[in-house]
Amino acid sequence: MLRGLSSPILRAVFAMSLVLAPIGCEEPPPKDPSNKLDPAEQAKIQKSRQKIDGAKEALDTKNYDQARKLLREAAELGVESHKFEIEETADRIDKRQAKMWANESHDLFEAKKCKEAFDQLAEQINGLESEAFTREIRKLTGPEAAQCASNTVDSLMTADKFADARAFVNAAPTKTVLGPTGSKKLVTELDLVIIEAMKGKVADDVKNKKWGAALEKVDAAVKAGSATDEIATQVIASIRDAAAPDLAAQAVKSIGGGDAPKQLAALDATMKLLRWETTGADGTPASKEKAAPDDLSKKRDALATWVEAQRLNIKMGKKPEKKYLHGKVALMPAMKIDAASKRDLAPGTELWLLGVSKDRALVADSDPGTYALSPQFERAIGWVRLDRLMKDPTVEWLLPDDQLKGEQVWGPLRTGETLLELGTVTEVTGKEISVKRLTDGQVSKHPRAKLRPGKIALGVKLTGVCTKDKPKVVTIDEIIPPGRSVKFNCEGNEGIKEEVLENLRTKVELLPNSK
């Protein structure tokens with residue numbers, strides 16, 4: 001190639017180019033990426049690195065406080081690429097330090113110095129405020145701590161130091177070391193032990209039916225801090241459970257006796273002592289939270305009713321007798337006849353007559369099914385007017401004269417007309433009842449015997465309402481809301497017919513008997 005170059009100078013230049021060509025084709029050396037960072041950022045990264053490395057050295061020498069300090073300072077610098085390493089190192093510190101304190105507390109647990117161990121561990125947990133440390137220390141000390149706490153409670157309970165036991169399990173260090181679950185378990189176990197111990201303390205009083213003495217011991221335990229209100233409630237419940245059957249038996253035994261008022265007063269005093277409320281004399285029940293058991297309440301109220309019946313010189317029947325109410329009647333409280341009535345009984349209500357006092361009758365709303373006094377008085381619901389109790393069912397009767405005004409009735413409301421039509425009673429004067437016809441508002445007077453209740457119901461028989469067959473008897477098949485018209489079937493060509501109340505007609509013999 002060089003021989004082809006005529007000029008010595010050109011050959012020299014070409015040769016030089018062959019030597020220098022490789023140098024011109026090589027890639028440039030890579031640049032240092034750190035050169036792209038701001039000098040201040042570089043300084044921060046280096047400083048963070050130094051602190052992390054320093055923390056690791058402090059950890060190796062067990063200088064945990066210094067290690068934590070350096071890690072906190074590194075974290076405050078906020079180098080994102082160091083975040084994971086900081087967290088990992090912090091976790092190692094927590095575990096190492098937790099193991100150290102677990103080892104130290106072990107000696108205290110072995111020496112049965114439970115309180116000292118809890119105080120020491122709680123101080124570290126509260127001081128470090130590290131979830132990881134707290135979790136690790138509870139994991140490492142959990143079994144020993146729980147056993148030590150249980151032994152401490154047993155020792156205090158054996159020494160009859162209930163208040164000290166409660167103070168220990170509820171102390172802040174105990175709760176801090178055991179954690180929510182362990183602490184709750186310990187408190188629950190202690191409460192159960194205290195409840196059984198308290199029941200044992202009142203057992204003799206309960207056996208001897210000294211209810212007041214038993215309750216005084218419970219109150220004293222609460223006052224001394226040995227028992228909570230919740231514990232007292234459960235112990236009192238056991239005392240009540242024992243007392244209730246005995247008190248109920250006393251009530252039954254006193255019904256029919258001459259000293260019933262005295263027995264009732266004593267029973268009420270005992271129930272008050274046991275923090276029960278009794279039914280009011282007017283029949284107002286005690287609140288659900290303060291009421292005695294149902295059986296005791298029923299028997300106590302039966303005794304109170306007997307006391308009232310005795311005051312009224314009641315005359316008991318040979319056996320409860322079924323009766324029917326005529327008209328709406330106010331029910332007077334069984335335990336206090338002159339108290340205000342709280343409810344009315346509907347016309348036709350079935351009742352059982354238990355006894356009579358002048359113009360009043362003591363009644364039950366179900367058959368007592370026995371001659372015994374106690375069951376009868378347990379069923380008693382109150383006093384009603386004696387003259388409103390009838391032997392026969394009254395649901396189809398006209399209401400009593402004093403309740404008849406405004407009632408709808410059937411009656412022969414036109415002169416010379418035998419068919420009955422509907423009207424409304426406007427007035428009752430003596431034996432005459434004034435009725436206003438629905439059709440035109442005309443008023444006519446009639447004796448009670450000529451009228452019938454004007455109830456419009458399915459099955460009521462009508463006549464004179466079918467155009468092509470006047471005598472035909474039909475029944476009401478449907479009442480059209482709001483109740484101002486009805487439907488019935490005339491059959492044949494007329495078929496189903498709808499008619500307003502004003503145009504309905506019937507006969508006396510098609511309606512139930514009335515009085």
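# Pocket, strands and backbone of a predicted model

Q: What makes up the lining of the largest pocket by class?
A: The lining has 15 nonpolar, four polar and eight charged residues. Nonpolar here means Ala, Val, Leu, Ile, Met, Phe, Trp, Tyr, Cys or Pro, charged means Asp, Glu, Lys or Arg, and the others, Gly among them, count as polar. The model is predicted, and local features need pLDDT of at least 70, side-chain atom pairs count only at pLDDT 80 or more, while totals for chains, interfaces and linings use all residues. Residues are numbered from 1 along each chain as its sequence is written, and side-chain values use heavy atoms, with hydrogens and water left out.

Q: What volume does the largest pocket have, and which residues are closest to its centre?
A: The volume is about 690 Å³. Of the 27 lining residues, T279, G283, D301, M335 and A380 are closest to the centre. On a 1 Å grid over the protein atoms alone, a pocket is an open set of points where a 1.4 Å probe fits, with protein on both sides within 12 Å along at least five of seven lines; lining residues have an atom within 4 Å of a point. Points are joined across faces, edges and corners, and the volume is the space filled by probe spheres set on them.

Q: Which elements give two or more residues to this lining?
A: They are α12 (294-311), α13 (373-379) and β6 (380-385); the largest share, six residues, comes from α12. Helices (H or I, at least four residues) and strands (E, at least two) are DSSP runs numbered from the N terminus.

Q: What makes β15 (478-480) and β17 (496-500) edge strands?
A: Each pairs on one side only, in an open antiparallel sheet of three strands ordered β15-β16-β17. Strands β16 (485-489) and β17 pair over five bridges, and S485 has V500 as its bridge partner in β17.

Q: What makes the backbone at K209, K358 and P482 worth noting?
A: Most residues other than glycine have a negative phi, and most peptide bonds are trans. Phi of K209 is positive, near 60°, and that of K358 is about 55°. The bond from P481 to P482 is cis, with omega near 5°. K209 is in the loop between α8 (172-207) and α9 (211-223), K358 in the loop between β4 (350-357) and β5, and P482 in the loop between β15 and β16.

Q: Why is the pair of K209 and D246 called a polar contact?
A: Their side chains make a contact at 2.8 Å, and the definition asks for N or O atoms within 3.5 Å, one able to donate a hydrogen and the other to accept it; residues adjacent in sequence count only if both atoms are side-chain atoms.

Definitions and conventions
Pairing = 2+ DSSP bridges.
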